[in-house]
Structures are given as C-alpha cells and as structure tokens.
Amino acid sequence: MTGEQMATKRRAGSMELLLVALIGLALSGSLITGVLADHDRLATAATVFCGVFVQALPFLVLGVIVSGLVAAFVTPERLERWLPSNPVLAVAAAGVGGAALPGCECGSVPVARRLFSGATAGAALTFMLSAPAINPVVLVATAVAFPGQPQMVLARCVASLATAVVMGLLWQRWGRTAWVTRTLPVHHDHDAPRFAVFTEAARHDFLQSASYLVLGAGAAAVLRSAVPQWVFGHIAGNLVVGVIVMALLAVVLALCSEADAFVAASLTMIPLLPRLVFLVVGPAVDVKLFAMQTGIFGRAFAMRFAPVTLVVATACATIVGLVVLGT
Amino acid sequence: MTRETQNILMLLIGLSTGLIAVRGSYLNFVKPSLLPWLLVAAVLLVGLASICLVRDLRGKAGRKDLGGHHHRGALAWLLLIPVALTAFVSVPPMSADGATTAMQAPPKRAFPPLPADGVLSIPEVQMRAAADSTDSLDGRLITVTGFTKGRDLARVVIVCCAADAQLSSIHLTGAIGSHPEDTWLKVQGTVIPGSSTPSTNFIPTMEVRSATPIPKPRNTYAY
C-alpha cells in the first residue's frame, strides 16, 4: 500500500467516525436531555459548561481573527526592527508591545520562538508572557466579566505586565541559550498569498484554543458541581491558602486567556485577590503552556522557565492585588 | 484527525452557535446582550470553515505549502462536546440548587427613586432592602416575579454567564395562598422595614397583598 492510499484511508476513517458520532447524537439527544432533567448535578455541570463555552466563544473567534491578521501582515523581522537596541528598554517595549497583539497564549508561544535569538531573547519571552495577558480583547473580557469592578482590569494589567518584564529581565541576567534545544522548523513561505496565511493561522489557532477551552470549561463545570461549597468557604476564609490554591488551579485548568476572566468571575465565593492571582498566573504558565514550551523551546528550557514563572506571577499578582484591590 | 474533519468540526461549532442564537436557547447560558456577538462569531466561523474546506477540495498544493502538520489534531474531537450540548441536547437553565447564595453586607448608598409602577426585580429588592440609605422601599407597594422555593420567592441571577449564577430571594408572609414548589408567581406587597439583617442573610421579608400564578417565562434569569 502506498503512502497516499494509506492517507486516503485514514481520512475516510476520521470523517466516518464524525458522521457516526453525529448520527449517534441525533438519535440519543432527547435521551440525554431526559437524563439531565433527572440528575440535578449533571444538569448544573452541563449548564456551567455551556455558560463558559458560549460566553467565551465570541471572544475566542475575535482573537483568532486578529491573530490570523497578525500572522499575515506583521512579519517577525518587522517586529524585531521595532525593538530598541538597549536590552532593558527592549524588554519593557516588548511588554507594552504585547498589548497591541491580541491572541491566545497558545499563539504567542510560537511567535516568541520566532523572535527568540541571542540579543532579543529576553524581549521575546516578555512578549510571550504579556501578549496573551494584557491585550485589549483580554482586558475587555475581564471588564465584561467583572462589571462595576474596573480595579480588577487595572490590577490584572499591571500584575501581568510586571510578571512579563521581570521574567524577561531574569532571562537576560541568568538565562542560557543552551537550554533552548529545539531548533526552529524552517518552512517560511514568502510566496504564500496573504489571505491563505491569514485563514490558515486563524484556523489553526481556533482549533487549538477552542479544544483547550472545552477542557477548561469542563474542568470549571466539574469544580462547580462536584466540589462541595465548604471547600470554597475554607479558601475564602484564608488568604494565603486562597492564593496558593487559585495559582495551582490556574496551572491545572489551563484556560484560554480570553475566557479565564469568566471562569474567575464564576467563582463568586472566593475573594478578589486570589481570583486576580488566577488571572495573572493562567496566561503566563499552565499545563498546556508547559507542554507547548517543551515542544517548541525544549525540555531544559521549560523545566526552568515554567516554575520560575509560576512563582514570579503569583508574587506579582499578590503584591499588586494588595495595593490595588486591598484585602 | 484529518484537516477535512477538523474543518467540519469548526463548521459545526459555527452552525450550532447560530442555532442557539436563533432558537433563543442561548438565554439559558448567557445574557441577552451577547446575541449580536454570537451571531458575528457564528458567521465568521462558518465562513472560515467554508473557505478552508473549499481550498482543500480544490487541490493539495496549497495545503503542503502552508505546513499542515497534524500536531495534536486529535484534541479537536473535544469540539463535539459543545456541539452535542448546544445543537442536539437541550440543556436547562441553572436551577435554584445549582446557584450559590453569597450575599455579603453591601455598603449603604443612595438608590434612585422607585419606578412609578413599583415593578422591581428580586435582586433589586434585595439590594435596596440591604443597602439603600434613602429607604425607598418603605411603605411602597411593589410587584415582583419569581418562582416559589419553600416560603421564599426566588430568582436565579447571572452577572456574566450561567457559571456565575447566584440565587436571590425574598421571604413571603401574608396572603400567599398555597402553591407547589417552583411555581412562577407575580406577587404584590410591601417589604417589612428592617427585615433585611445579617441574621436573615440579608433576605428581606415581604407582606403579600396578592399572589397570582404566571407561566414560566422564556428567560428565567434576572440580571
């Protein structure tokens, strides 16, 4: 059997599987509806899942459209030219510049790898951390999720920017390029039409981030319906415990930065400060980002970068939260 | 998973988003103000998926150039879950039991005057009873709608989406009549001054003048 024949067979396989799944759903839809009607906690979980997913979807679509445009029109070379030559200024500029490039954290990891080279390394990492955290789409989503609490948007922006800049400066002081073991795949095609580049990037980013959004919404649904209320009561009662638990929760849930504000807003029984920690840690480091960093930068890099990011992000969020939000 | 299957899944997400927007079942999950954004997202997703599908059908050349690596493509199967829950299954709005009750002592402030017809939402009554420095509820006949929960009239409140649902309620006393649990009522009466205290969890008590059963509204949430 030739490779092409095998590919054709596999393709037919996944499409058939999808058809079977859809027919199965069409036949069992009313049965599942009945099961939900009889089981309160299952219905609650399904409602929370749909709430998080449906609320986040328009923001996600907006994000991937913009990230597709960026992929088509903002070349890495152009971005590098915009950076100041002074490394510290470059890190600061990259941090603020991240605000101009809306996208999910999933999208910023490969972009940062493209920008990553000896002199711009710190700036590239700062950009990677700031772009998904402080861009307009994320800040608007945060403002929508926390109506009447603009201080939450301010605190998130300041704490995330501080995290990104601190990490960039730490890299410039102690980072070693030798840790980055993965080399960049060279398949840069300058002949590809811009529209094709745009749709391909938007398509790829949507599939990646929407899939992770399903995971995150599912985790939020399980948490809301399975974890008893007194657990949240304990978290609410102790600020230190709350901060640690919410930081770890952000790592485990691995939410998209355009959706995490809605999940944080849903955890109404927890005070604002631990929820701010959740919002600052999430876009900077989580299990999905760790996996992506391992794949794109290399294991030696990710093993060092991710834990330090977790500590720095938690510290920045706690300090900024104490100043901006109070206790 | 192949590119074609991924594109179809993207198309299905767009179509099911459009479906819940048109059907109105999106109101079970989010606020009415999200409707235009849902429609825009649905149109963009259907458009993007169609463009990718058509280009892949036309030839393999473009696909190879753009580096169509199937990196972790299998994860996209997860997109079937939201498609299933929005297009094939009807997921109910958040129930009273699923909503949290977390009312904290709000700071006192001056509220605007009551509307002339006295029609208020239950969360508004609860907020005014707990935090209005002008005591605008005192001695006023008001009308509220909600569902019965024990001796209370309640409403599920969402701030952003169903995931943040909270329960808002008023104790009822007086001429209520007997209604089974979870009956939707339109209730007229006056709020007893001073009945919203920390010991009642800031749930005020209403002296009922009349209570009329009404059909369950299409949008069960208050905002």
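What follows is a short exchange about how labels are assigned in this predicted model.

Biologist: Why is A:Ala226 called exposed?

Modeller: A:Ala226 has 10 C-beta neighbours inside 10 Å. The label exposed needs 12 or fewer. So A:Ala226 counts as exposed. The residue is found in helix H9 (residues 194–226) of chain A.

Biologist: What is the C-alpha separation of A:Ala226 and A:Leu42?

Modeller: It is 9.4 Å, and the two are 184 residues apart along the chain.

Biologist: Why is B:Asp135 called partly exposed?

Modeller: B:Asp135 has 13 C-beta neighbours inside 10 Å. B:Asp135 sits in the loop between helix H5 (122–131) and E1 of chain B. Its phi is positive, about 50 degrees, although B:Asp135 is not a glycine.

Biologist: Why is B:Asp182 called exposed?

Modeller: B:Asp182 has 12 other C-beta atoms within 10 Å. The cut-off reads 12 or fewer. So B:Asp182 is exposed. Its loop runs between E3 and strand E4 (184–191) of chain B.

Biologist: What makes strand E2 (residues 152–157) of chain B largely enclosed by the rest of the structure?

Modeller: Buried means 20 or more other C-beta atoms within 10 Å. In E2(B), 5 of the 6 residues are buried, so the strand is largely enclosed.

Biologist: How do you know that E2(B) pairs with E3(B)?

Modeller: A pair needs at least two bridges. E2(B) and strand E3 (residues 166–174) have 6, in the antiparallel sense. B:Ala154 stands opposite B:Ser169 in E3(B).

Biologist: What makes E2(B) and strand E6 (residues 221–222) of chain B a pair?

Modeller: They have 2 bridges, in the parallel sense. The requirement is at least two, so they pair. B:Val157 has B:Ala222 of E6(B) as its bridge partner.

Biologist: How do you know that strand E1 (residues 142–149) of chain B pairs with E2(B)?

Modeller: Antiparallel pairing runs over 3 bridges, against a requirement of at least two. B:Lys149 has B:Asp152 as its bridge partner in E2(B). The hairpin has 2 residues between the strands, and B:Gly150 takes a positive phi near 65 degrees.

Note on methods. Residues numbered from 1 in each chain as written. Chains lettered and ligands numbered in written order. Predicted model: local features only at pLDDT ≥ 70, side-chain atom pairs only at ≥ 80, totals over all residues. Helix = DSSP H or I, 4+ residues; strand = E, 2+ residues; numbered from the N terminus.
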